[in-house]
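Hi,

Here is the structure I said I would pass on. Have a look at it first, and then read my notes below.

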Amino acid sequence: RRAAFSWRRANPLGSLRLLRSQPQLLELATVHFLFYLAHHVLSSVFVLYTGYRYGWTVTDVGWALAAVGVSVAAIQGGLVSIVVGRFGERTSLLAGLTFGAIGFLVYGLAPSSRWFVLGIPVMSLWGLYGPAAQGLMTRRVTPSEQGRLQGALGSVVGVTGILGPGLFSLTFSASIGRFRAWLPTGSAFALASLLLALAVFIAWHATKPG
């Protein structure tokens, strides 16, 4: 079910036009942007933050990442299909974003390593977002536009890769540097939590029945 080739669509900016074709799709794409923007806090400051605040070594980080891998595998390998099948895509989407926001908040406020580790299983539940979001967005375009949709979402994720590392690195730097007197050390994770909270609101509006 291929669409006719067009040079206007054969580029990242052209594919983004599809997201503006209907308000709900644009809102869900905005949620997708906020989700992946928040995700970059992990690759940007996770190691620096845990080393600075909790004195973690390379071994400690490795064990933590192993726990993350096991948790994510359990969620995506079994729980996602059960939750989506029983509660539907809208509830799964909102739940995934909410758990992500709570998990980041736990990371930012955790006073010790033990509390930080307790946030890992909570954080892993934001894996409920992905399959639900894909299902909701793919049904809002025609069969011949599925490739354009994935290309557009790839462009959105690419933009977050440009903005995210700088945003969270600067926030962490400020919290341990010149602004540490009034900016908490976990501000980068608090910012990620705030982004996901905003995503919850937008997703709730975009997926309202009717």
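**What I found**

By class, 15 nonpolar and 7 polar residues line the largest pocket, and no charged residues do. Before going on, please keep in mind that this is a predicted model.

The largest pocket holds about 440 Å³ of space. Its lining comes to 22 residues, and those nearest the centre are Phe 35, His 39, Val 72, Gln 76 and Trp 126. Which helices supply at least two residues each to this lining? They are H2, H3, H4 and H5.

Next, the aromatic rings. How many aromatic pairs does the structure hold? There are 20. Take Phe 35 and Trp 126: their ring centres are 4.5 Å apart and their planes sit at 35°, so this pair counts as tilted, since stacked needs planes under 30 degrees apart and edge-to-face needs over 60. The two partners come from distant parts of the chain, 91 residues apart: Phe 35 is in helix H2 (residues 23-54), while Trp 126 is in the loop between helix H4 (113-124) and helix H5 (129-138). Phe 35 has a relative accessible area of 8%, so it is buried. Trp 126 is buried too, at 9% relative accessibility. Both are also among the residues nearest the centre of the largest pocket.

A second pair to look at is Trp 56 with Phe 116. This one is edge-to-face, with 5.4 Å from centre to centre and 85° between the planes. It again links distant parts of the chain, as Trp 56 is in the loop between H2 and helix H3 (58-109) and Phe 116 is in helix H4, 60 residues apart. Both Trp 56 and Phe 116 are buried.

Now to helix H5. Its buried residues are Tyr 129, Ala 132, Ala 133, Gly 135, Leu 136 and Met 137. What do they pack against? The answer is H2, H3 and helix H6 (146-176). As background, an α-helix has 3.6 residues a turn, so residues three or four places apart point the same way. Of the buried residues in H5, let me pick out Gly 135. Its relative accessible area is 12%, which is under the 20% cut-off, so Gly 135 counts as buried.

You will find Thr 207 in the segment after helix H7 (187-206). Is Thr 207 buried or exposed? It is buried, with a relative accessible area of 8%. Leaving aside residues up to four places away in sequence, Thr 207 touches Leu 28, Arg 90, Leu 93 and Leu 136. Leu 136 is one of the buried residues of H5. Thr 207 also has a polar side-chain atom 2.7 Å from the backbone oxygen of Ala 203.

Last, Leu 198, which is in helix H7. Its relative accessible area is 42%, so Leu 198 is partly exposed, as that class runs between the 20% limit for buried and the 50% limit for exposed. The C-alpha atoms of Leu 198 and Phe 104 are 14 Å from each other, and the two residues are 94 residues apart along the chain.

Over to you!

Definitions and conventions: Residues are numbered from 1 along each chain as its sequence is written. This is a predicted model: local features need pLDDT of at least 70, side-chain atom pairs count only at pLDDT 80 or more; totals for chains, interfaces and linings use all residues. Side-chain values use heavy atoms; hydrogens and water are left out. Rings of Phe, Tyr and Trp (its six-membered ring) pair if their centres lie within 6.5 Å; planes under 30 degrees apart count as stacked, over 60 as edge-to-face and the rest as tilted. Helices (H or I, at least four residues) and strands (E, at least two) are DSSP runs, numbered from the N terminus. Buried means under 20% relative accessible area, exposed over 50%, partly exposed in between (1.4 Å probe, protein chains only). On a 1 Å grid over the protein atoms alone, a cavity is a set of points where a 1.4 Å probe fits but cannot get out, and a pocket is an open set with protein on both sides within 12 Å along at least five of seven lines; lining residues have an atom within 4 Å of a point. Grid points are joined across faces, edges and corners, and a volume is the space filled by probe spheres set on the points. Ala, Val, Leu, Ile, Met, Phe, Trp, Tyr, Cys and Pro count as nonpolar, Asp, Glu, Lys and Arg as charged, and the others, Gly among them, as polar. Contact means heavy atoms within 4.5 Å. A polar contact is a pair of N or O atoms within 3.5 Å; within protein, one must be able to donate a hydrogen and the other to accept it, and residues adjacent in sequence count only if both atoms are side-chain atoms.
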